[in-house]
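Take a look at the model below and keep it open while you read.

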Amino acid sequence: MTATHTRPGMQLVPEGPGGERWILNYGPQHPATHTVFRMVLELDGERIVSSVTHVGYLHSGFEKLGEVLDYDQYVVIVDRMNYVSPIANGIAWHTACERLFGIEPTPRCKAIRTICAELARIQDHLLNVGVAGLDLGGFTAFLYGFNAREAIYDLFEQLSGSRFHTSYTRVGGVSMDMPDGWPANVKRFLRELPRALDDVEALLTKNRIFIERTRGIGYLSPEDAVAWGVTGPVARASGVRRDLRKDEPYLCYADNWDGRGSPAVDFKVPVSRLGDVYARYLIRLEEMRQSAHIIEQLIDNIPPGPVDVTDEKLPLPDKREVFFSIEGLIHHFERIMTNRGFRPPVGEAYGANETANGELGYYVVSDGGRCPYRARTRPPSFFQYQVFDRIVVGHQISDIPPILNSLNIIAAELDR
Amino acid sequence: MKAWGSSTSSVVQVLRDRFPEIDFAPGALRPDEAGPAAQIGVRVPADRLVEVMRFLRDDPRTRFEQLVDLTCVDYLNFPGARDRYGVIYSLLSITWNHRLWVKCFVNDPDPCVPSVCGVWKGAEWPEREVYDMFGIRFEGHPDLRRILTWEGFDAHPLRKDYPVTGRGERERFARVTRETA
Amino acid sequence: MELNRIASMGDPQPPVPGQPAGTDDVLLTRLDRLVEAIRRHTVNWSRKNSLWPLPFATACCGIELMATGASRFDIARFGAEAMRFSPRQSDLLIVAGRVAIKMMPILQRLYVQMCEPKWVISMGACACTGGVFDAYATVQGIDQFMPVDVYVPGCPPRPETLLEGVMAIQRIVERDGVRPSAARGQGLRIVVGPA
């Protein structure tokens, strides 16, 4: 097994009379572990012979909290899972909830959610690509990436009121409709994004040091990717042709998403056969460009109309109705009081989205009450980190930061 | 672009043909949902689990190459539940683009399920997590130990009889003060 | 013996109203005023303008900490861009993010390993009080188990708020002194509000 995970020309030094192995503890406090993971490495000089990862250093009890918070309150917690693209978690959570409730959001809501999901994807990949440079010592790539992310934060702040954890989605809709100047700001961002991506590419893509440190490193075969449950850019970099947006379309990725025959948004999904860190970096860059293309197609075509579903008593009513009409007041109380609230059907549902990290799914079990009976997150980072122990064998210690970064492990999603 | 579960009913038929003695009790995950887009779950008894899973992975008509998720639900307070723990496997076929949910029910005391690590390698950590959170033992697992909670913790937090705020574990630490540090 | 008594007295206490100032107090005050001035304008000034943070970033606040270090908000204006992940090389521990039970002993060990003088910022609602995670595995506020100098509220705090916290630490550092160990832990008696 180790032979397939080494570069051509690399070989393991067998443990002979002169060879000694030693144990190194890597983390959980370490500059190159993105937040908190820990690996115990068995080393032969600089080469890693085996690695055992320990996780759980950020386990906060998310899934238990899902059993005491209702379907709209839980979006606050869910935002804090994949914290580099927070709004994507909320969109995926409410995709699953709406599948459970058996409702479909309005076309306007779908368009806004799709734009937000793609902005979140760009946000996630920008951080990953920036930190790909940072972990190898190229601080400027990090600054370029973060500068572009600040523009996305401004967009989310205008949309939802908060730059980071937006808690924007609700069952059946979103918390507030898009403000008037928002599409113009998004279009301005889309004009500036290619320049930011070109800056990062100019620093890294043809940089000899970057290539030498990432080509052939951390190879994952497509069979292993599928067997280990890996999805998303990591799997696509290994050659697995799978993207939920194309294979199980949802939101605006499906044909006739607005009920009037609009086609699905047009975009390409990059797939590579190289399977190494460099391939994952290239795929993320290309996915960002494709996301920008998706947003361009939607931003001028957001359908007018209500943003929340109107035929269920699900969304919170408008405040003018709450304050000035008795029906609005009753409707408001029916939704928020703890002995009332949501009344979903009894049953289970699984809803998944293709987020920047892979297939983010939620398995929601409902007993008819206002809180989920069980809110299970299917975290892509959890499945991707399993692979780490296998793909790092045979590499050197200094190969760990690029491999770890290319898997895009978010500790909060991993540990929940 | 296929809709979800469009060929899942044929999967259930294939399963029934191959294992006529098992009552799979197929049904939509949400009981009032019907139609081609419904998500289908089947029940498999624990003693036949690995055999059925291996068949599902290898048979060319089903080809569930990927185990998407492995989780558990504690049905202790669920209305109308007969068994306590339901271990739920979400399967995905990349070739045919369909999904299936397999449920295996076990009970106290000493809930135990055979491990599917031999079928899908990616089951290793999720099974450890189910062991950690629910206390279900997986026979044949290469390395069954706690994964998310800390050493010395002996409860299983996601069980329904464990309180959300815990039993005081989060208050039992030594204090480090400015004088002692 | 006189020198020992003076050396063990620590910072000058403010005069208590109603009590006459003794001759010893007057002598101490002038000398201490000089030492205090030197300390504030050189030692403390250089310390506060070159704080080296240890970014103990666990979760979302870690990303806002990185954003504070990035170009728009630029913690380098305050001299604090040298993020050193080793406790031996840093003097400001920024606990950014929730602390799980599994991680708390490690955080305490990091604090103990840091060299004096050291300060702690508890960044974000989770580090201050447990935040939204009132669950079995999250420590409900790190100040229950280790000392904290400045609490920065927010979930996550905006980078400007974190910079306000760093400025508060700077005000604390400015008032700090080389005090004997027995006088430490007495509290600083300053209220840090918006400047």
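Which residues in H3(C) meet which residues in H6(C)? Keep in mind that you're looking at a predicted model. On the H3(C) side, they are Glu64(C), Leu65(C), Ala67(C) and Thr68(C), and these meet Pro159(C), Leu162(C) and Leu163(C) in H6(C). Sorted by class, this contact has five nonpolar residues, one polar and one charged. H3 covers residues 60–69 of chain C and H6 covers residues 159–175 of chain C, and their axes come within 9 Å and cross at roughly 80 degrees. Angles of 65 to 115 degrees count as roughly perpendicular, so H3(C) and H6(C) are roughly perpendicular to each other.

Now zoom out to the rest of chain C. There are six helices and four strands here. Chain C has 195 residues, and 39% of them count as buried. If you take its contacts between residues at least 6 apart in sequence, 76% join residues at least 24 apart.

Chain C also touches a neighbour: 19 of its residues are in contact with 15 residues of chain B. The side of chain C that does the touching divides into 11 nonpolar, five polar and three charged residues.

That brings us to chain B, which has three helices and seven strands. Their order from the N terminus is α-β-β-α-β-β-β-β-α-β. Along its principal axes, the C-alpha trace of chain B spans about 70 × 35 × 35 Å. Of its 181 residues, 41% count as buried. Among the contacts in chain B between residues at least 6 apart in sequence, 55% join residues at least 24 apart.

One helix of chain B deserves a stop. Is helix H3 of chain B, residues 124–134, mostly covered or mostly exposed? It is mostly covered, with 11 of its 11 residues buried. Charged names turn up in that buried set, including Glu124(B), Glu127(B), Arg128(B), Glu129(B) and Asp132(B). Trp125(B), Tyr131(B) and Phe134(B) are also among the buried residues of H3(B). What do the buried residues of H3(B) pack against? Part of the answer lies in another chain: helix H14 (380–391) of chain A. The rest comes from chain B itself, namely strand E3 (66–74), strand E4 (85–93) and strand E7 (137–139). Just after H3(B), you'll find Gly135(B) with a positive phi of about 85 degrees.

Let's finish in chain A with another pair of helices. Two packed helices are described by the angle between their axes and the distance between the axes. For helix H4 (residues 107–135) of chain A and helix H6 (residues 182–204) of chain A, the axes come within 12 Å and cross at roughly 25 degrees. Angles under 35 degrees count as roughly parallel, so that is how H4(A) and H6(A) run relative to each other. Their crossing is left-handed. In H4(A), the residues involved are Ile115(A), Val129(A), Gly130(A), Ala132(A) and Gly133(A), which meet Val186(A), Val200(A), Leu203(A) and Leu204(A) in H6(A). By class, the contact of H4(A) with H6(A) has seven nonpolar residues, two polar and no charged.

Technical notes:
Residues are numbered from 1 along each chain as its sequence is written. Chains are lettered from A and ligands numbered from 1 in the order in which they are written. This is a predicted model: local features need pLDDT of at least 70, side-chain atom pairs count only at pLDDT 80 or more; totals for chains, interfaces and linings use all residues. Helices (H or I, at least four residues) and strands (E, at least two) are DSSP runs, numbered from the N terminus. A residue is buried if 20 or more other C-beta atoms lie within 10 Å of its own, exposed if 12 or fewer, and partly exposed in between; C-beta atoms are placed from the backbone. Two residues are in contact if their C-beta atoms, placed from the backbone, lie within 7 Å. Axes are lines fitted to C-alpha atoms, for helices over the stretch in contact, and angles run from 0 to 180 degrees between N-to-C directions. Angles under 35 degrees count as roughly parallel, over 145 as roughly antiparallel, 65 to 115 as roughly perpendicular and the rest as oblique. A crossing is left-handed if the near helix is turned anticlockwise from the far one by less than a right angle, and right-handed if clockwise.
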